[in-house]
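The briefing below is meant to be read beside the sequence and the coordinates, topic by topic.

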Amino acid sequence: MSVLKSSILRKVTMALSGLFLVVFLLQHFTINFSSVISPSTFNQWSHFMGYNGLVQFVLQPILVFGIVFHFVMGFILEIQNKKSRGVPYAQFKGSKNASWVSRNMIISGGVVLLFLVLHFIDFWIPEMEHKYLEGSMFNAELIDEQRYYEELVHKFEPYWRVIVYVLSFVFLSMHLYHGFSSSFQTLGLKNSVKKSLLSVTRAFAIVIPLGFIVIALYHHLFSAHHLLYP
Amino acid sequence: MDIKLKIWRQKNATSKGKFEKYALNEINPEMSFLEMLDVLNEQLISSGESPVAFDHDCREGICGTCSLFINGRAHGPDRFVTTCQLHMRRFKHGDTITIEPFRAKAFPVIKDLVVDRASFDRIQQSGGYISVNTSGNTQDANAIPIPKADADLSFEAAACIGCGACVAACKNASAMLFVSAKVSQYALLPQGQVESKRRVKNMVAQMDEEGFGNCTNTGACEIECPKGISLENIARMNREFILG
């Protein structure tokens with residue numbers, strides 16, 4: 001990180017890693033939403049993502065690096081920003097000149113980070129165990145191409161997990177609402193381009209997290225019941 | 001109108017400051033904010049107390065000397081207004097007005113409400129100029145045709161008075177709006193373009209060295225800037241920096 005000494009360069013890396021995560025989010029959403037429409041398609045796509053060499057050994061490490069980098073750099077910048085103030089104001093009316101979401105990216109980002117810990121425990125760690133400890137990655141006999149839909153639905157059985165996921169997606173939406181459009185400002189795009197992108201970024205920030213909420217609620221309310229009581 | 005004041009008092013740069021409370025009666029609502037502070041200081045001097053130190057010069061909103069964080073906002077509650085152009089009619093009888101210095105690690109307090117903004121001068125010295133050999137045969141700037149749109153944008157950027165309200169208002173104490181205004185005013189004109197790459201690199205490096213925070217695009221600086229300097233300048237500076 002010490003290589004990135006320039007404030008603008010640091011911000012540019014935040015913007016680029018953020019945009020990369022936005023692309024990942026869109027791909028993740030597309031696959032997950034297929035579980036609502038067609039469980040077999042969801043199984044098919046999940047199996048491809050889970051056992052394709054390029055995805056597993058090239059794209060996945062890049063993704064993990066992107067996530068870790070975005071969070072670590074975010075915290076570094078936040079600490080630096082706090083230090084830059086020095087003595088805090090007794091009265092600071094931040095709401096008079098900037099939105100809550102833009103001023104509290106560290107809170108929304110922090111909630112998303114906590115959510116990711118749960119999400120990794122829920123899905124990623126069991127996947128890694130199955131593939132690399134039990135060995136399904138290297139033993140075709142252990143592969144079950146139809147397990148993904150059922151596993152997903154079971155996760156959304158307990159109502160507490162659905163509540164946690166829904167709340168996390170609300171914070172994700174807030175984070176994206178400022179962060180997505182903000183990245184284009186950091187990358188120095190011209191006003192005319194930014195203005196035309198603004199509605200797209202804001203729509204994305206609302207529609208994608210809302211879609212994830214729909215997936216969680218749908219499986220909790222409908223699919224889980226069907227699996228338990230077919 | 002009667003008002004109460006809660007003012008940051010600090011003897012010098014090294015001492016620990018604290019808020020002091022004062023009451024002022026029969027203040028004329030047509031007074032400027034700084035005239036109100038003049039009245040307070042006259043009272044303090046006549047009672048043998050130390051007057052409140054605050055920066056001011058032109059009192060016409062053009063020199064960038066006045067500062068003050070008034071009731072939680074840089075230059076007070078109004079847009080496009082410096083503290084010297086703020087009037088007491090903006091407040092109500094019985095109000096308590098909190099006055100603090102502009103807060104930033106790069107703007108250390110010298111005394112009371114006066115802060116050292118020499119960090120802005122050092123940033124300016126690191127590249128906020130054009131190298132012209134003033135031999136007596138220098139070409140008149142007006143002789144170079146410049147598109148009207150560029151001239152207007154450059155002029156708008158040059159309207160920055162370097163008061164530091166952008167730093168004061170930013171939750172990160174970032175100086176990006178100030179630096180970007182200076183970078184833009186030259187980058188948009190042919191005379192400035194010659195040194196544009198070196199300028200942006202040096203000015204940003206100096207800004208970082210001074211200890212200003214990072215821009216998180218909240219837009220607070222643009223709202224609080226008394227001269228309405230646009231965030232578009234920050235995008236232009238980023239663009240110049242990345243392409244440079």
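In this predicted model, strand β3 (residues 69–70) of chain B runs antiparallel to β4(B), and two bridges join them; strands pair if DSSP finds at least two bridges between them. Helices (H or I, at least four residues) and strands (E, at least two) are DSSP runs, numbered from the N terminus. Local features need pLDDT of at least 70 and side-chain atom pairs count only at pLDDT 80 or more, whereas totals for chains, interfaces and linings use all residues. Residues are numbered from 1 along each chain as its sequence is written, while chains are lettered from A and ligands numbered from 1 in the order in which they are written.

**The sheet of chain B**

- B:F80, which is not a glycine, has a positive phi of about 55°, and is found in the loop between β4 and β5 (96–100) of chain B.
- With 13 other C-beta atoms within 10 Å, B:F80 is partly exposed, a class that lies between buried (20 or more other C-beta atoms within 10 Å of a residue's own) and exposed (12 or fewer), with C-beta atoms placed from the backbone.
- B:D112, also a residue other than glycine, has a positive phi near 45°; its place is in the loop between β6 (109–111) and β7 (114–115) of chain B, and it is buried, with 22 other C-beta atoms within 10 Å.

**Chain B as a whole**

- Chain B holds nine helices and seven strands, and its C-alpha atoms fill a box of roughly 60 × 40 × 35 Å along the principal axes.
- Of the 244 residues in chain B, 43% are buried.
- Among contacts in chain B (C-beta atoms, placed from the backbone, within 7 Å) between residues at least 6 apart in sequence, 69% join residues at least 24 apart.

**The contact between the chains**

- Chain A gives 34 residues to the contact and chain B gives 37 residues.
- On the side of chain A that touches chain B, two or more residues come from each of α1 (7–37), α3 (53–85), α4 (100–103) and α7 (159–186) of chain A, and α3(A) supplies the largest share, six residues.

Definitions and conventions. Contact = placed C-beta atoms within 7 Å.
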